[in-house]
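Trainee: I would like to learn how to read some features of a protein model. Please give the general idea each time, and then the case at hand.

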Amino acid sequence: MRITTLGCNASITGELRTTCYLVDDDILIDAGTGAGELSLAQSIAIDTVFLTHSHLDHCGLLPMLADAAGSFRDAPLTVYALPETIATLEEHMLNNKLWPDYTVQPMPERPYIRFRPILAGETVELGGRRITALPARHAVPCVGYRIDSGKASLVYSADTTLCEDFWLALNRIDNLKHLLIETTFRNDNAAGAARSGHTTANLLAQGLRLLERPVELFIVHMEAGYEEVTMREVLQAASEYHPQVLRRGHVFEL
Ligand SMILES: [Zn+2]
Ligand SMILES: [Zn+2]
């Protein structure tokens, strides 16, 4: 299994792209602006998208991805998300005002998108690849994902503040290899992290104290313009894990 980082940042500008990971050639985890890196052929090859939550930096390109590929595909794009996320996208995005309702268009019997609900703890198996939703604690309902090749697992935390259940779930993953975790805010903006449901280096250190497994740690979703100071704080708080900044283009082989 191959996981390609198409976007892993909290905002756009310059080289930055928001969250989108490509699993092999046919699965996306989130559809932020990283999804715009796909060619037309690659877009057509996407069969399944797993969304973490409804914020635009994680799902903003979903409607345009469906639009670009839909007429070339034989089947709808299957989109897994929390029921609350699906309800938000149906009400506010695919509502025939912001964008066509591709859950019934271009034809009700042949739509471009079909939603499938997923809850934290549930696993979807696709061709031997197991994708499991994990708990998260954010400003809106949100899940992280474990992607398990059978040999090893990569976990993406999604957007979350300290969530004990997330760390306890990690302890149950026998083949845990990579952890991609957000550290959006620097420590002196702990109030912003609490308000918006994000992590600081101090909160990351608290979470890591609950972790009972070794893991390769990658930091994602740092606030633009504060990457250096945030990463300095992460290196101090989690030095034993030798955390690295994840960058667009990074490929994980599992
Ligand atoms: Zn985000
Ligand atoms: Zn968010």
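Mentor: Side chains of opposite charge can pair when their charged atoms come close. Here the side chains of Glu125 and Arg130 form a salt bridge at 3.4 Å from N to O, where the term means a side-chain nitrogen of Lys or Arg within 4 Å of a carboxyl oxygen of Asp or Glu. This is a predicted model, in which local features need pLDDT of at least 70 and side-chain atom pairs count only at pLDDT 80 or more, while totals for chains, interfaces and linings use all residues. Residues are numbered from 1 along each chain as its sequence is written, chains are lettered from A and ligands numbered from 1 in the order in which they are written, and side-chain values use heavy atoms, with hydrogens and water left out.

Trainee: Is Arg130 buried, partly exposed or exposed?

Mentor: Buried means under 20% relative accessible area, exposed over 50%, and partly exposed in between, with a 1.4 Å probe and protein chains only. Arg130 has a relative accessible area of 36%, so Arg130 is partly exposed. A network of salt bridges that share partners joins Glu15, Arg17, Glu37 and Arg248.

Trainee: How many salt bridges does the structure hold?

Mentor: The structure holds 13 salt bridges. One of them joins Arg129 to Asp24, with the closest N and O atoms 3.0 Å apart. This pair links distant parts of the chain, 105 residues apart: Arg129 is in strand S10, and Asp24 is in the loop between strand S2 (20-23) and strand S3 (27-29). Helices (H or I, at least four residues) and strands (E, at least two) are DSSP runs, numbered from the N terminus. Both Arg129 and Asp24 are buried. Arg146 and Asp148 also form a salt bridge, the closest N and O atoms being 3.1 Å apart, and both of these residues are buried.

Trainee: What should I look for in the backbone angles?

Mentor: Most residues other than glycine have a negative phi, and most peptide bonds are trans. Asp24 has a positive phi, near 50°. Because its relative accessibility is 18%, Asp24 counts as buried. Ala158 also has a positive phi, near 60°, and lies in the loop between S12 and H5. With a relative accessible area of 0%, Ala158 is buried. As for peptide bonds, the one from Gln105 to Pro106 is cis, with omega near 5°, and Pro106 is in strand S6 (residues 106-107).

Trainee: Which way do the side chains of strand S12 point?

Mentor: In a regular strand the side chains alternate between the two faces of the sheet. In strand S12 (residues 153-156), Ser153 and Val155 point one way and Leu154 and Tyr156 the other way, and all are buried.

Trainee: In what sense do S11 and S12 pair?

Mentor: Two strands pair if DSSP finds at least two bridges between them. S11 and S12 pair in the antiparallel sense over four bridges, and Asp148 has Ser153 in S12 as its bridge partner. The hairpin of S11 and S12 has four residues between the strands, and Gly150 there takes a positive phi near 105°. S12 also pairs with strand S13 (residues 176-182), in the parallel sense and over four bridges; there Ser153 stands opposite Leu176.

Trainee: Which residues coordinate the zinc ion (ligand 2)?

Mentor: Donors are N, O and S atoms within 2.8 Å of the metal (3.2 Å for Na, K and Ca); water is not among the atoms, so sites may look incomplete. The zinc ion (ligand 2) is coordinated at 2.1 to 2.4 Å by His53 (NE2), His55 (ND1), His138 (NE2) and Asp159 (OD). Asp159 also bridges to the zinc ion (ligand 1), the two ions lying 3.7 Å apart. His55 lies in the loop between strand S4 (48-50) and helix H2 (56-59), and His138 in the loop between strand S10 (129-135) and strand S11 (143-148), so the pair ties together parts that are 83 residues apart in sequence. At 26% relative accessibility, His55 is partly exposed, whereas His138, at 13%, is buried.
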